[in-house]
Amino acid sequence: MASLDDLKKRIASVKSTQKITKAMKMVAAAKLRRAQENAEKGRPYSEKMNNVILNLSNGISDKDNAPKLLSGTGKDNTHLCVVMTSDRGLCGGFNSNIIKKAKNYFAELEKDGKVLKIITVGSKGNDQLKRVYGDRIIANISFKESKNANYFDAEKVGKMVIEKFDSEEFDVCTIFYNQFKNVITQIPQAQQIIPLNTDNSKENESDDNYEFEPDEDEILSNLLPKNISTQIFKAMLENSASEQGSRMSAMDNATRNAGEMVDKLTIEYNRSRQAAITKELIEIISGAESL
Amino acid sequence: MSEEFKIEIVNPEKSFLTKDDVLEVIIPAFEGEMGILKDHISIISFLKPGILKILSKSGDESFYVEDGIVEFKNNNLSILTSTIYKVTDLDKSKQQDLLKLAEEESNKKDINDQSRYLIDQKIDVLKSLN
């Protein structure tokens with residue numbers, strides 16, 4: 001059995017760990033509220049953008065001449081995957097969930113003989129992917145300096161993707177991120193952004209005849225690059241809310257586990273203290289008896 | 001019958017402004033300024049840098065926008081823009097900053113005619129604000 005001193009030290013160390021996890025939980029909770037607000041505020045923009053694009057693509061008469069960002073290059077040989085993770089750890093399964101989803105997808109692509117290119121956003125994803133897919137990562141972007149997800153950063157990623165598309169480095173682009181459902185649940189998502197998925201347009205097809213100024217093609221070719229940035233920005237917002245939520249529940253668990261451990265150690269400590277006292281008493285009594 | 005309609009301006013970070021007593025909006029559309037009144041036909045267009053004027057019952061407001069998309073449908077005007085400032089909030093130093101950025105960009109060589117046109121517009125508008 002460990003000595004009394006050792007137990008005392010362990011209890012103290014677990015208690016201080018508990019204090020840290022508790023503080024991290026509170027910080028995450030405060031940040032979560034802000035991130036969630038931001039995610040909600042950002043939603044109207046991306047929804048409106050989507051609506052406009054759906055209306056536009058319905059209005060387009062000549063599908064074959066539609067901008068490449070909408071209709072694709074006609075091939076799907078090279079896939080670009082943008083994997084969005086966090087820059088900081090200690091957030092439960094947040095990063096590994098995205099990575100797992102992405103890895104499954106990668107495995108499938110490679111089985112089908114497609115060429116794979118990866119851009120990682122956030123350093124944690126890069127750390128986890130570079131061991132297996134190191135030679136396929138073409139860029140790693142990290143926004144450690146910026147505190148909150150902002151549109152400026154998203155635009156940087158978006159521009160990079162579009163540049164690579166224009167120089168025909170890939171045919172299909174998919175982004176991976178965690179969608180925020182609630183504090184406990186975040187759903188890893190794979191969303192294809194190039195070519196744009198317009199399959200769900202049938203349900204809210206409006207027969208509104210829009211007037212376009214200038215014509216549809218020109219508007220679309222201006223709008224689609226913006227939409228890419230917007231989708232990436234949306235993913236970043238969802239991701240940051242998910243990260244804080246995931247960290248909060250992870251730290252909550254850690255705090256609870258530390259509490260249980262302190263209880264267990266305290267019982268052990270008291271028991272061995274009692275045993276030591278009993279031992280001493282027996283020694284005194286048996287010593288007195290022998291006289 | 002009332003002559004008012006709704007306007008909603010959103011930027012990527014939040015819903016920037018909503019109003020439902022708007023009488024007329026003058027937008028700097030890509031192919032020239034455009035005034036929108038109630039019961040305008042459904043239209044989609046996009047913006048060039050310029051001044052967006054909102055005339056409403058509760059007072060008139062002007063905004064400086066750099067880009068964006070306009071959608072008008074069923075008397076709802078939605079404007080999506082990534083850069084928008086209220087003109088009265090735009091002080092001298094901010095103006096200068098924006099102007100400097102635009103001028104830097106216009107000095108680059110490898111830009112196409114369309115973006116050159118947009119940047120020149122931007123510079124003109126910013127200068128006219130002074």
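**Exercise 1. Count the secondary structure elements of chain A and give their order.**

Chain A has six helices and six strands. Helices are DSSP runs of H or I with at least four residues, strands are runs of E with at least two, and both are numbered from the N terminus. Along the sequence the pattern reads α-α-β-α-β-α-β-α-β-β-β-α.

The model is predicted: local features need pLDDT of at least 70, side-chain atom pairs count only at pLDDT 80 or more, and totals for chains, interfaces and linings use all residues. Residues are numbered from 1 along each chain as its sequence is written, while chains are lettered from A and ligands numbered from 1 in the order in which they are written.

**Exercise 2. Compare the radius of gyration of chain A with that of a compact globule.**

Take the radius over C-alpha atoms; the globule rule is 2.2 Å times the number of residues to the power 0.38. For 291 residues the rule gives a value near 19 Å, but chain A has 28 Å. Next, check the box. Along the principal axes, the C-alpha atoms of chain A fill roughly 115 × 40 × 35 Å.

**Exercise 3. Describe how α5(A) packs on α6(A).**

Start with the axes, which are lines fitted to C-alpha atoms over the stretch in contact; angles run from 0 to 180 degrees between N-to-C directions. Helix α5 (residues 151–166) and helix α6 (residues 216–289) of chain A come within 8 Å and cross at roughly 130 degrees. The two are therefore oblique to each other. Under 35 degrees counts as roughly parallel, over 145 as roughly antiparallel, 65 to 115 as roughly perpendicular, and the rest as oblique.

Now the residues. Contact means C-beta atoms, placed from the backbone, within 7 Å. On α5(A), the contact residues include A:Tyr151, A:Gly158 and A:Ile162; on α6(A), A:Pro225, A:Phe233 and A:Met236 are among them. The contact divides into ten nonpolar, two polar and one charged. Nonpolar covers Ala, Val, Leu, Ile, Met, Phe, Trp, Tyr, Cys and Pro; charged covers Asp, Glu, Lys and Arg; the others, Gly among them, are polar.

**Exercise 4. Find which elements of chain A touch chain B.**

Count first: 23 residues of chain A are in contact with 21 residues of chain B. Elements of chain A giving two or more residues are α1 (4–59), β6 (211–213) and α6. The largest share, ten residues, comes from α1(A). By class, this side of chain A has twelve nonpolar, six polar and five charged residues.

**Exercise 5. Classify the packing of α1(B) and α2(B).**

Helix α1 (residues 92–106) and helix α2 (residues 113–129) of chain B pack at about 155 degrees, with axes 9 Å apart. That makes α1(B) roughly antiparallel to α2(B).

Methods: Contact = placed C-beta atoms within 7 Å.
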